[in-house]
Amino acid sequence: MGSINTVTVLVYGQEYTLSGDMPRDYVLKLAERVDSKMRELDGGTNSQPMSALAVLAGMLIADDYYNLQSDMDALAEQNKKLSENAQNYERMWEELKSNYAAYKEEVSNMTANRETLQRYISEKDQQISSLSTSLNEEKQYNDDLRAKVEELLVKVQQNDNAPIEAQKKIEELETRCRDIESSFFDIQMENIRLKNDLEAYRR
């Protein structure tokens with residue numbers, strides 16, 4: 001508890017001695033406020049009884065107090081709402097940060113997947129290019145063999161007494177041509193499958 005102060009104040013022309021733990025300056029301000037209210041009510045006529053002025057001044061001061069209390073309550077309610085709004089904004093901010101982090105991770109994953117897909121497409125392109133080269137080589141070789149077979153067949157037709165070895169050679173070449181045609185067909189099917197896979201990944 002603070003020290004006891006004794007203060008003499010002047011209210012409406014009369015001195016009063018007050019004791020309490022309130023600061024001196026604060027007591028003087030209170031007395032000045034009461035004196036001001038009483039003189040305001042009196043209007044400078046000095047015609048009102050002291051007790052009546054004191055009651056009226058007390059009523060006005062009480063009215064001021066309750067008006068201030070009402071304003072303080074309204075401010076407290078407003079402050080409460082502002083505090084709730086601040087908490088809501090803070091939660092929204094945290095959610096935004098979390099969503100942004102998830103978005104960044106998703107973008108990172110999509111980028112990694114795109115790079116993987118691009119590598120896969122590049123590999124498929126190389127395979128198709130290699131198969132196309134092999135296919136062209138096999139086709140050229142097959143065309144050469146067919147030309148030789150046709151040449152030998154012409155020779156056989158021109159010579160009914162062709163040696164048995166020549167006939168065997170022709171049969172071997174024909175078998176080889178059939179094998180190459182089969183291999184050529186397989187390569188074509190693989191090439192088509194790879195192109196279809198590549199188109200599906202590009203979509």
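# Chat: a hairpin, helices and salt bridges

Student: In what sense do strand E1 and strand E2 pair?

Tutor: Strand E1 (residues 5-11) and strand E2 (residues 14-20) are paired in the antiparallel sense, over 7 bridges. Two strands count as paired if DSSP finds at least two bridges between them. This is a predicted model, where local features need pLDDT of at least 70 and side-chain atom pairs count only at pLDDT 80 or more, while totals for chains, interfaces and linings use all residues. Residues are numbered from 1 along each chain as its sequence is written, and side-chain values use heavy atoms, leaving out hydrogens and water.

Student: Ok. Which residue in E2 is the bridge partner of Val 9?

Tutor: Tyr 16 is the bridge partner of Val 9.

Student: And how many residues sit between E1 and E2?

Tutor: The hairpin has 2 residues between its strands. Tyr 12, in the turn, has a positive phi of about 55°.

Student: New topic. Which side chain does Arg 39 meet in a salt bridge?

Tutor: Arg 39 meets the side chain of Asp 35, at 3.1 Å from N to O. A salt bridge needs a side-chain nitrogen of Lys or Arg within 4 Å of a carboxyl oxygen of Asp or Glu. Both residues lie in helix H1, 4 residues apart, or about one turn of the helix.

Student: Is Asp 35 buried or exposed?

Tutor: Asp 35 counts as buried because its relative accessibility is 15%. Arg 39 is partly exposed, at 41%. Buried means under 20% relative accessible area, exposed over 50%, and partly exposed in between (1.4 Å probe, protein chains only).

Student: How many salt bridges does the structure hold?

Tutor: There are 2. Lys 97 and Glu 94 form one of them, with their closest N and O atoms 3.4 Å apart. Both lie in helix H2 (residues 50-158), 3 residues apart, again about one turn.

Student: Why does Lys 97 count as partly exposed?

Tutor: Because its relative accessibility is 39%. Glu 94 is partly exposed too, at 42%.

Student: Last one: what share of the 203 residues is buried?

Tutor: Buried residues make up 15% of them.
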